[in-house]
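Reader: I have a protein model open and I am new to this. Can you show me how to read it, feature by feature?

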Amino acid sequence: MQAVSPTFSCDLKPMIQTNLTAKIARYSHVNRNRASVRCSYKSESFSFPNGVGSSRADWQSSCAILASKVASAENSSSITAAVNGHSNDSVNLSLVPSNTQNGKPGLIQPLTNTDLSPAPSHGSTLRVAYQGVPGAYSEAAAGKAYPKSEAIPCDQFDVAFQAVELWIADRAVLPVENSLGGSIHRNYDLLLRHRLHIVGEVQIPVHHCLLALPGVRPDCVRRVISHPQALAQTEGSLNKLTPKAAIEAFHDTAAAAEYIAANNLRDTAAVASARAAELYGLQILADGIQDDAGNVTRFLMLARDPIIPRTDRPFKTSIVFAAQEREGTSVLFKVLSAFAFRNISLTKIESRPHQNCPVRVVGDGGVGTAKQFEYTFYVDFEASMAEARAQNALSEVQEYTSFLRVLGSYPMDMAPWSTSPSEDA
């Protein structure tokens, strides 16, 4: 096994009993707003290939390890400084001690040096973090982006970011937009909060199936669970297949399938991938139930270091900026003109509330004052930062903005995709 990166100083001694209650409370704080995150399943019969371990308990431990460090990062300025690239020798990665009940594994096993090992050398397996459980569409995207990688499931998007920053993973593959559901705003906010770089993109067709336990008929289904976007994308089909079933949101498509299998729910079906049915021993009641065949999700590939831009193939560049004070959204016209003048095509414009200054107070013609929202803008354009026109465009954009950051300049995904089941998860 490889040595620990010299950037980190870890105290891995067993925690004394007096700290147990406080640390368990910290872990509970991470998940108290996520009722659908279930880290207490009692199923140990599933095998998860290409991943963290050979049982559900191993995956739970990995998620808890990462989640606890997210909580540490939120509550400790020392870790925040470390993940933002600053030198720090006082990072404390102590975790919740292991807890057993009736001989069964508890929440967490002690962290070892191998969990914080640096990126593998050339020829070693690349470790790729994704949000969800095995069988999720994000796992399929990670496999397409890095075919021979070791997949590391994470229970939250920000945990995947932290996994890369803390050297537990080498890459993260996370969704940013769907052709039907639109942008995943959470990941746009996390791109600005963290210091990872976009190094590529991959597009995955979404092929939904209706899954249930073996022997269950569609007319016996009284409840359908899945991710809200999956339920919205299959609404028409579900009304025909299960007209009497209640529709309930779940935090992940594959996790919904796993939940049914782990609890032997014979009145419940899930909307998930065919691979989820295979992994969790479910039958496919209906195949290809998405209401629109052109259902594609775009994922970003994230790394600690950027790649060198080139001009020998189509590149895309992603930036984020904020307008100068008192300029407001009118600066957006000037920014767009900088790209249009140089014949640079834009592929994406997304606005998000300015986190540091969400509201701006302006004069209102001597009558009083008015409050206007402040925004940060995310823009994707088809050009490489190795091109002079892209450099000149950003030089002009910088004149109109108070903040400008290049999130990454990376190769475009030009691979054709198909909506057939064999091409997706």
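Predicted model: local features only at pLDDT ≥ 70, side-chain atom pairs only at ≥ 80, totals over all residues.

Reader: Let's start with the helix. How many residues does H12 have, and what span does it reach?

Author: Helix H12 covers residues 388-400, which is 13 residues. From its first C-alpha to its last it reaches 19 Å, close to the 18 Å expected at 1.5 Å a residue.

Reader: Which residues of H12 are buried?

Author: Look for a relative accessible area under 20%. In H12 the buried residues are Ala390, Ala393, Leu394, Glu396, Val397 and Tyr400. They span an arc of only 160° around the axis, so they lie on the same side of H12.

Reader: What does the face turned away from that buried side carry?

Author: That face of H12 has the exposed residues Ala388, Gln398 and Glu399.

Reader: And what do the buried residues of H12 pack against?

Author: They pack against strands E12 (315-323), E16 (375-381) and E17 (401-411), and against helix H11 (331-340).

Reader: Now the rings. How many aromatic pairs are there in the whole structure?

Author: A search finds five. Take Tyr188 and Tyr378: their ring centres are 5.1 Å apart, with 70° between the planes, and the pair is edge-to-face. Tyr188 belongs to helix H6 (residues 185-193) and Tyr378 to strand E16, so the pair links parts of the chain 190 residues apart, given that 4% relative accessibility makes Tyr188 buried. Tyr378 is buried too, at 2%.

Reader: Which residues form an aromatic cluster?

Author: Phe321, Tyr375 and Phe377 form one.

Reader: Where does the charged end of Arg304 sit?

Author: It sits over the ring of Trp167, 3.8 Å from the ring centre.

Reader: Last, the cysteines. How many disulfides does the structure hold?

Author: First the idea: a disulfide is a covalent bond between the sulfur atoms of two cysteines. Here the structure holds zero. Cys154 is buried, with a relative accessible area of 0%. Cys220 is partly exposed, at 29%.

Notes:
Residues numbered from 1 in each chain as written. Heavy atoms only, no water. Helix = DSSP H or I, 4+ residues; strand = E, 2+ residues; numbered from the N terminus. Expected span 1.5 Å × (residues − 1). Buried < 20%, exposed > 50% of the residue type's maximum accessible area, 1.4 Å probe, protein only. Arc of directions from axis to C-beta. Contact = heavy atoms within 4.5 Å. Disulfide = S-S within 2.5 Å. Phe/Tyr/Trp six-rings, centres within 6.5 Å; stacked < 30°, edge-to-face > 60°. Lys NZ or Arg CZ within 6 Å of the ring centre and 35° of its normal.
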